[in-house]
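Reader: I am new to this structure and would like to be taken through it. Could we begin with the surface?

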Amino acid sequence: MSRKKIRTIIVSVSIFYLIVAVMSIFMLKENDSVLAEKNMAQILFGKETDTNTDPEAGSEADPEEDPDGDPDRILEKWTDTVTEKATEAVTEKVTEAATEKVTEAVTEKVTEAVTAKATEAVTEKATEAVTAKATEAVTEKATEAASENITDIVPQTDGKYYIVETTNQKYLLIMREAAAKRSKAVTQLKPQTTGVVIEKEDQWTKIYADGKIGYCYNQYLQFREVTKEEYDKQVLASGQVSEGVQNGH
């Protein structure tokens, strides 16, 4: 409830009780008889009057309820009652307005918190889903690309499949473009680098390792015959360049 509505209610209640007060004072001044006082007391406090009492004879006022039958005392009691009623009415309206505001504020905060949590959860799930899909797609494409390369890395040695591992201990092993010591170097392989054999000859072997294809001297290679499945897996693994490779001897 807005402050404007609260002010309107307070003013309306005050005007109502003010009108009643003016009418009561007017009645008391116009008629000073005990009967008029008793009737006013009945209006204000709900007291019953004896309708059989002779107005001319008058009646004795109850000293406890209305000492001396004083109209000012009656008006004082009435004023207290009016003030109490007005205070109760205003307090009730203000309490309702405050409760409504507090409820509205709490509801808003709870809604914001719930919305934030829901948004965070949805965003997190969406991000996870997108990341998973992207990773899956990239992995699939990489696997397809690597698989296509397998067709170019077919062993030409007796139709058998070999995995090769370098045996150099202290120095990097040079992989060359051709089976000759003076041939241009393709890359340098660190000790215990694993690859696959493409073509094996008496002194040189054409291998695929560290993502490169070239020739290495057989003296520094160790061969192991494997199945086609193992060979294909090693082809894919050989496309990942090993960490810590250093150039030099």
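This is a predicted model: local features need pLDDT of at least 70, side-chain atom pairs count only at pLDDT 80 or more; totals for chains, interfaces and linings use all residues.

Reader: Where is M23 found?

Author: M23 belongs to helix α1, which covers residues 3-30.

Reader: And which residues gather in a patch of negative charge on the surface?

Author: That patch consists of E76, D80, E84, E88, E92, E96, E100, E104, E108 and E112.

Reader: Let me pick one of them. In which helix does E92 lie?

Author: E92 lies in helix α3, which comprises residues 71-150.

Reader: What is the relative accessible area of E92?

Author: The value for E92 is 47%, so this residue counts as partly exposed. The partly exposed class lies between the buried limit of 20% and the exposed limit of 50%.

Reader: Let us step back. How many helices and strands does the chain have?

Author: There are four helices and seven strands in the chain. Along the sequence, their pattern reads α-α-α-β-β-β-β-β-β-β-α.

Reader: What percentage of the residues count as buried?

Author: The chain has 249 residues, and 22% of them are classed as buried.

Reader: Turning to the strands, in which sense do β1 and β7 pair, parallel or antiparallel?

Author: Strand β1, residues 161-166, and strand β7, residues 221-226, pair in the antiparallel sense, with six bridges between them.

Reader: How many bridges join β1 to β4?

Author: Three bridges join β1 to β4, the strand of residues 194-200, and these two strands run antiparallel. In β4, T194 is the bridge partner of E165.

Reader: A new topic, then: how many salt bridges does the structure hold?

Author: The structure holds one salt bridge. The side chains of D232 and K228 meet in it, at 2.8 Å from N to O. Side chains of opposite charge can pair when their charged atoms come close.

Reader: Why are D232 and K228 separated by about one helical turn?

Author: They are separated by about one helical turn because D232 and K228 are four residues apart in helix α4, which spans residues 228-237.

Reader: Lastly, what is the relative accessible area of K228?

Author: K228 has a relative accessible area of 41%, so K228 is partly exposed.

Terms used. Residues are numbered from 1 along each chain as its sequence is written. Side-chain values use heavy atoms; hydrogens and water are left out. Two strands pair if DSSP finds at least two bridges between them. Patches are made of residues with over 30% relative accessible area and no salt bridge: like charges are joined within 9 Å, nonpolar side chains (Val, Leu, Ile, Met, Phe, Trp, Tyr) within 5 Å. Accessible areas come from the Shrake-Rupley method with a 1.4 Å probe; for residues, only the protein chains shown count as cover. A salt bridge is a side-chain nitrogen of Lys or Arg within 4 Å of a carboxyl oxygen of Asp or Glu. Lys and Arg count as positive and Asp and Glu as negative; His and the chain ends are not counted. The place of a charge is taken as NZ of Lys, CZ of Arg, CG of Asp or CD of Glu. Buried means under 20% relative accessible area, exposed over 50%, partly exposed in between (1.4 Å probe, protein chains only).
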